[in-house]
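Student: I'd like to talk through the aromatic rings in this one. Can you take me through them step by step?

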Amino acid sequence: MGAEKEYKQKVTKEIDYVQVTESKSFKKLMHDRKKFIVPLTIFFLVFYFLLPILTSYTTFLNTPVIGDISWVWLFALAQFVMTWVLCTVYVKKAASFDKQADQIIKEMDQGGDGR
């Protein structure tokens, strides 16, 4: 509760959200986020839906790799690994987006428009 009270005391003027969205730094933040998220999302969806498609329409994944373990088991395990890796990458990248957002807030507090 103390941190919320401290934050509310820091905010002394209304934020002009139109000015924020039109600023150069905000547009750069949105561009950077889109440039990061779209390819990651496409990769995830392709990798995710590839398993049911390949198991439904091909028999390639049924061939054994190591003993009785077939490719389908390795692919399914790789999906778990891929999920954890993508989550870790996103969390690390989101920290840089947060820094950019904090910088935009500082610019607006100082009266700059960031254009």
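Here is a short chat about ring pairs in this predicted model.

Student: How many aromatic pairs does the structure hold?
Tutor: Ring centres have to lie within 6.5 Å to count as a pair. Going by that, the structure's total of aromatic pairs is seven.

Student: Are the rings of Phe36 and Tyr90 stacked, tilted or edge-to-face?
Tutor: Their centres are 6.3 Å apart, and the planes sit at 25°. Planes under 30 degrees apart count as stacked. So the label for Phe36 and Tyr90 is stacked.

Student: How many residues apart are Phe36 and Tyr90?
Tutor: This pair links distant parts of the chain. Phe36 is in helix H3 (residues 24-57) and Tyr90 is in helix H4 (residues 71-109), which puts them 54 residues apart.

Student: Is Phe36 buried or exposed?
Tutor: The cut-off for buried is under 20% relative accessible area. Phe36 comes out at 14%, so it counts as buried.

Student: What is the angle between the ring planes of Phe44 and Tyr48?
Tutor: These two are four residues apart in helix H3, so about one helical turn separates them. Phe44 is partly exposed at 30%, and Tyr48 is partly exposed at 40%. Their ring centres are 5.8 Å apart and the pair is stacked, with the planes at 15°.

How values were computed. Residues numbered from 1 in each chain as written. Predicted model: local features only at pLDDT ≥ 70, side-chain atom pairs only at ≥ 80, totals over all residues. Heavy atoms only, no water. Phe/Tyr/Trp six-rings, centres within 6.5 Å; stacked < 30°, edge-to-face > 60°. Buried < 20%, exposed > 50% of the residue type's maximum accessible area, 1.4 Å probe, protein only.
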